[in-house]
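Me: I'd like to talk through this chain piece by piece. Could you take a look at it with me?

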Amino acid sequence: MTSESPAEILLIRPMHNAVMEALARDFRLHRLDTAPDPEALLAEVGPRIRGLAVGAQTRVDGALMDRLPRLEIVANFGVGYDTVDARAAAQRGIVVTNTPDVLTDEVADLAVGLLLATLRRIPQADRYLRAGHWPKAPFPLSPSLRGRRVGILGLGRIGRAIAQRLEGFGVAIAYHGRRPQGDAPYAYHPTLIGLAEASDVLIVVAPGGADTAKLIGAEVLDALGPEGVLVNVARGSLVDEAALAAALAAGTIQAAGLDVFADEPHVPEALAVLDNTVLLPHVGSASHHTRAEMARLVVENLVSWFAGRGPLTPVAE
Ligand code: DGY
């Protein structure tokens, strides 16, 4: 940030209050989300914008970057940055930052909670009680988690934190990823199909984006089998949602717990009408503490960059 003129930053959608307050204090902030005519504002300020702050539902592609010829940095609120075209950014010399580490524990906790909720049918039991059924008939029994085989797709920071938590549940843990991790005390499967065949529960925690689109399709769901439970806390794009809805409706897998969807905030009706799904509105990192930490990191990346100290948490492209 130069002492004469603070850098001009663009906000496309509303973000965590702490981000918006800090950006308004430290920079010259322009907000498309509150502009009466966003297109006119973009045309007016676009040539001066040097930083973008974005969240998971804001797509930042080459076409947008080309409307911001002075853009230097895109600060993403979240560890997943599949909505930002990082390759297009790199080609234009634009830095992209994300918010790793600060949300690892929260997302891992949510993944375990979602797994338990899905397998033990906790939301369904709640609905059953509230509908007054309990006095008339017992709630149907559920499977156990204990003794199950849990496969993790993506043994990164969050995947490992999930595995560590699950060790206490008496399950066998295995994983698939681009390569085996020598220090991981879990069985490695070189193929996703192999992992699905060897798992009762498949937890998806790999990055989104073109390389992983619809990795969980009919074939993987078939391999998971009729006792199988799918849990996705990563990105909806990894799952073929039509194939998943068909498998759940036909009972070729048992249940799914989803915190993420391919086209958020749209939730496919075919998943929402099923009784064997537990659906959450992308709340993996949604605690006061963690969202505040993510906000802090978004702002600190921008402050550090414009102070000439470089980005704190740049993504690799
Ligand atoms: C992330 O950080 O990628 C989480 O999904 C929260 O948005």
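Predicted model: local features only at pLDDT ≥ 70, side-chain atom pairs only at ≥ 80, totals over all residues.

Me: Which domains does the domain assignment give, and how far apart are their centres?
Reply: The bounds come from an automatic or database domain assignment. It gives domain 1 (8-101 + 289-306) and domain 2 (104-279). Six residues of domain 1 and nine of domain 2 make the contact, where contact means C-beta atoms, placed from the backbone, within 7 Å. Taken over C-alpha atoms, the centres are separated by 32 Å.

Me: In the five-stranded open sheet, which strands stand at the edges?
Reply: Strands here are DSSP E runs of at least two residues, helices are H or I runs of at least four, both numbered from the N terminus, and two strands pair if DSSP finds at least two bridges between them. The pairing is parallel, in the order β2-β1-β3-β4-β5. Each edge strand has a single partner, so one side of it is left without a neighbour in the sheet; these are β2 (28-31) and β5 (95-97).

Me: Which helix packs on that sheet, touching β1, β3, β4 and β5?
Reply: Inside the sheet, β1 (8-11) and β3 (49-54) pair over four parallel bridges, with L10 opposite L52. The helix that touches β1, β3, β4 (73-76) and β5 makes about 160° with the direction of β4; axes are lines fitted to C-alpha atoms, for helices over the stretch in contact, with angles from 0 to 180 degrees between N-to-C directions. That helix is α12 (288-306).

Me: What is the strand order in the seven-stranded open sheet?
Reply: β6 (149-153) and β7 (172-176) pair in parallel over five bridges, and A172 is the bridge partner of R149. Helix α7 (157-166) lies across β6, β7 and β9 (201-204), at about 165° to β6. The pairing is parallel, and the order is β8-β7-β6-β9-β10-β11-β12.

Me: Is R121, with its positive phi, buried or exposed?
Reply: R121 has phi near 55° and belongs to the loop between α5 and α6 (122-130). A residue is buried with 20 or more other C-beta atoms (placed from the backbone) within 10 Å of its own, exposed with 12 or fewer, and partly exposed in between. D101, with a positive phi of about 70°, has 12, so it's exposed. R121 has 21 such neighbours, so it counts as buried.

Me: Which residues does the cis peptide bond join?
Reply: Look in the loop between β11 (255-258) and α11 (269-272), where P265 has its place. Omega is about 5° there, and the bond joins E264 and P265.

Notes:
Residues numbered from 1 in each chain as written. Contact = placed C-beta atoms within 7 Å.
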